[in-house]
Amino acid sequence: MRELTAELAALRALATAGPGESATQAQHRRGKLTVRERLELLFDAGTFTEIETLRRHRATGFGLEDRRPYTDGVVTGWGTVHGRKVFAYAHDFRIFGGALGEAHATKIHKVMDLAEAAGAPLVSLNDGAGARIQEGIAALAGYGGIFQRNVRSSGVVPQISVMLGPCAGGAAYSPALTDFVFMVRSTAQMFVTGPDVVRAVTGEQVSHEELGGAEVHGARTGVAGFVHDDEETCLAEVRYLLSLLPSNNRELPPELDTDDPADRRCEALLDLVPAEPRHSYDIRVVIGEIVDDGDFTEVHELWAPNVVCALARLGGRSVGIVGNQPSVFAGVLDIEASQKAARFVQFCDAFNIPLVTLVDVPGFLPGVDQERGGIIRHGAKLLYAYCNATVPRVQVILRKAYGGAYIVMDSRSIGCDLSYAWPSNEIAVMGAEGAANVVFRKQIAAASDPEATRARLVEEYRSELMHPYYAAERGLVDDVIDPADTRSVLIGALTMLRAKHQGGPARKHGNQPQ
């Protein structure tokens, strides 16, 4: 038995060491950590349990029968993050370039099934060259199994993809099916067809980074929700994100004790937000004043910055925040902002995270490109997401709330539980100037002094239909509050709504706009 045990220990040591020191050094020269160094950063110290360490492929041909390394290029297992169970699989680029073969895929299928069965988050650390060409369609079928499990677990357990190297071809679709994608600058790339194929088919010359680098997917395509400069920071942020999320859709997010008083007044808000609706400010500063300890993580910070989506805590409990950003395009809703906010709302609703919506919106962005690009269809995605959400929903109107955009931003009429407004609120079909030009067009044109008449009628319209208490008088908001009390009001409202339960009609699923 001692001999057998010694043999087992030697095999484990060989599997754990990987293909050799030269391969490890090559990985480091690329500016990347090894697979086990990454797992050490992701999990609490000493908690990772590996499965199928001794798995090897059984393929033949093209010299594969002579190359059968242990793990087959992917490490799978589970551990704890902040004391809570998390499953993971991580590609080992040193073995077959992290390419996926039949055995490799089967290991991933196994850990995905375990994550679903155990009701725990799944994190994938991606650093692979796509399908293992030598294994042919068996590798492609392996991707199909991954995609099917991504979809089956969607809305059941949180799924996080961390891009730490190349991800090409069909492999790129698995991260796109998960809840959040992290990318590291300079080392991570994602694309369906690489630069060589693009050049051969279209004649375009493009680098890997220009085609599918972190900046491209963080700021232009919206594929990556988080972009970081190095792997250490990236994995630390993955751990922080996990701390805000429930383990599965049957649980509430974890609650933490906080030293930030629930009744803390936010006096700074009285000076941060100008009463004049044409003046801009940074909604992220407002969020920082309201949430616990000023700490929040912004999703898709670089993409569609005219709306901010963030996860934070209020009174120690996780909350999702959607807010218009007046410092970017005046906070207007456009195609990309609608897509960004809609997906965030859907995620929060799937995992029992209450929603707070901070409204300062002048409307939907007008223009030929927006109309032809499908602003009706994409704007409807956000409307659908809010209407379909059953988690606690609280709206706060800071200033402007005009037209259809006001309705879409979780207004009372589409089902928010509570709506509050600051004394600076302006809820209307459109701004006073535009409304007066339409309503009093003939009167202004016939006046001896059109400009003076327009100014008088604008003020008249504003005082009659846009004063701060007009909506409260008609029951469209529940209260007009002191901005400094926003934090305490929100915590009180969410505490009251914590046990909210809302059923729905019997149906297989809705047919949401695409």
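Aspartate 113 and arginine 152 join their side chains in a salt bridge, with 2.8 Å from N to O. Aspartate 113 sits in helix 4 (residues 102-118) and arginine 152 in helix 5 (residues 137-153), so the pair ties together parts that are 39 residues apart in sequence. A salt bridge here is a side-chain nitrogen of Lys or Arg within 4 Å of a carboxyl oxygen of Asp or Glu. By this rule the count is 32 salt bridges.

This is a predicted model: local features need pLDDT of at least 70, side-chain atom pairs count only at pLDDT 80 or more, and totals for chains, interfaces and linings use all residues. Residues are numbered from 1 along each chain as its sequence is written, and side-chain values use heavy atoms, with hydrogens and water left out.

**Helix packing**

Helices (H or I, at least four residues) are DSSP runs, numbered from the N terminus. Axes are lines fitted to C-alpha atoms over the stretch in contact, and angles run from 0 to 180 degrees between N-to-C directions.

| Helix pair | Angle | Axis distance |
|---|---|---|
| Helix 13 (residues 335-350) and helix 15 (residues 375-388) | about 20° | 8 Å |
| Helix 17 and helix 19 (residues 450-465) | about 110° | 9 Å |
| Helix 3 (residues 35-42) and helix 10 (residues 231-244) | about 40° | 9 Å |

Angles under 35 degrees count as roughly parallel, over 145 as roughly antiparallel, 65 to 115 as roughly perpendicular and the rest as oblique. Helix 13 is therefore roughly parallel to helix 15. Helix 17 is roughly perpendicular to helix 19. Helix 3 and helix 10 are oblique to each other.

A crossing is left-handed if the near helix is turned anticlockwise from the far one by less than a right angle, and right-handed if clockwise. Helix 13 passes helix 15 in a left-handed crossing. The crossing of helix 17 and helix 19 is right-handed. Helix 3 and helix 10 also cross in a right-handed way.

Contact means heavy atoms within 4.5 Å. Arg38, Leu41 and Leu42 of helix 3 touch Glu231, Glu232, Leu235, Val238 and Arg239 of helix 10. From helix 17, Ala432, Glu433, Ala435, Ala436 and Asn437 meet Arg454, Leu457, Val458, Tyr461 and Arg462 in helix 19.

**Surface patch**

Valine 438 lies in helix 17 (residues 432-439). Val438 forms a nonpolar surface patch with Val429, Met430 and Val439, with about 360 Å² of accessible area together. Patch residues have over 30% relative accessible area and no salt bridge, and nonpolar side chains (Val, Leu, Ile, Met, Phe, Trp, Tyr) are joined within 5 Å. Areas come from the Shrake-Rupley method with a 1.4 Å probe.

Note on methods. Patches are made of residues with over 30% relative accessible area and no salt bridge: like charges are joined within 9 Å, nonpolar side chains (Val, Leu, Ile, Met, Phe, Trp, Tyr) within 5 Å. Helices (H or I, at least four residues) and strands (E, at least two) are DSSP runs, numbered from the N terminus.
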